[in-house]
Amino acid sequence: MDVAKSTSGDSNKQMNETKPSLYQVIWRWHFYAGVIVAPFLIILAVTGGIYLFKPQIEQTLYQQYNEVTPTGDRLSPDEQLEMVHEQYPDSVITAYRPGESSTRSSEVTLSTVNGPLTVFLDPYTGEQLGTLEHFTQPERESRSRSWG
């Protein structure tokens, strides 16, 4: 009988060595979950950072539109809006944003036939520095369909 006990004891010991513990199983699934979820978290972190620093990024991208050299007196908002209306007679002015500082351009947002448009003006000369189109959701969908 001692032989039978030792044989069954050896097989139990062998089964315990090959069978992973609950702790190991949990950690293995935890690892797999991390591998699956990590790319999504990285994408969220990157896009969130872009959204967080959007003003600084736009300032760098559109620096040629935003910065002006002060020359004399600023034109009045009415004069600036009149100059924009002369350039875009079929559009409706929806917003005006004066420059926050003496070196910042004025922004005029228009509603045009082709969608919203922002015009950047030198507030001292009334010169148009550039424009920036805004895409609405239907336009984005139609453009993405035409690309692919």
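Predicted model: local features only at pLDDT ≥ 70, side-chain atom pairs only at ≥ 80, totals over all residues.
Residues are numbered from 1 along each chain as its sequence is written, and side-chain values use heavy atoms, with hydrogens and water left out.

Now, the overall layout. The protein chain has six helices and four strands; helices here are DSSP runs of H or I with at least four residues, strands are runs of E with at least two, and both are numbered from the N terminus. Reading from the N terminus, the order is α-α-α-α-α-β-β-β-β-α. Of the 148 residues in the chain, 18% are buried.

There is also a record to mention. An unreviewed UniProt entry annotates residues 29–53 as "transmembrane region"; its positions are given in the numbering used here, feature names are shortened, and such annotations may be inferred rather than shown by experiment. In the model, that span is 96% helix and 0% strand, with its end C-alpha atoms 36 Å apart.

Back to Glu 100, then. Side chains of opposite charge can pair when their charged atoms come close. The structure holds five salt bridges, each defined as a side-chain nitrogen of Lys or Arg within 4 Å of a carboxyl oxygen of Asp or Glu. One of them joins Glu 100 to Arg 97, at 2.5 Å from N to O. Arg 97 is partly exposed, because its relative accessibility is 39%. Glu 100 also bridges to Arg 104, with the closest N and O atoms 3.4 Å apart.

So is Arg 104 buried or exposed? Arg 104 is buried, because its relative accessible area is 12%. Its side chain also meets that of Glu 107 in a salt bridge, 2.8 Å from N to O, and Glu 107 is buried as well. Through shared partners, Arg 97, Glu 100, Arg 104 and Glu 107 form one network.

Staying in that part of the sequence, Ser 102 sits in the loop between β1 (92–97) and β2 (106–112). Ser 102 is partly exposed, because its relative accessible area is 41%. From C-alpha to C-alpha, Ser 102 and Val 68 are 8.0 Å apart in space, yet 34 residues apart in sequence.

Tyr 62 gives another pairing of this kind. Tyr 62 lies in the loop between α3 (54–61) and α4 (63–66), and it is partly exposed, because its relative accessible area is 24%. Its C-alpha is 9.4 Å from that of Leu 132, which is 70 residues away along the chain.

Last, which residues gather in a patch of negative charge on the surface? They are Asp 78, Glu 79, Glu 82 and Glu 86. Asp 78 belongs to helix α5 (residues 77–87), and it counts as exposed because its relative accessible area is 61%. For the patch, residues need over 30% relative accessible area and no salt bridge, and like charges are joined within 9 Å.

Definitions and conventions
Patch = residues over 30% accessible without salt bridge, like charges linked within 9 Å, V, L, I, M, F, W, Y side chains within 5 Å. Areas by Shrake-Rupley, 256 points an atom, 1.4 Å probe, with all protein chains shown as cover. Lys, Arg positive; Asp, Glu negative; His and termini not counted. Charge placed at Lys NZ, Arg CZ, Asp CG, Glu CD. Buried < 20%, exposed > 50% of the residue type's maximum accessible area, 1.4 Å probe, protein only.
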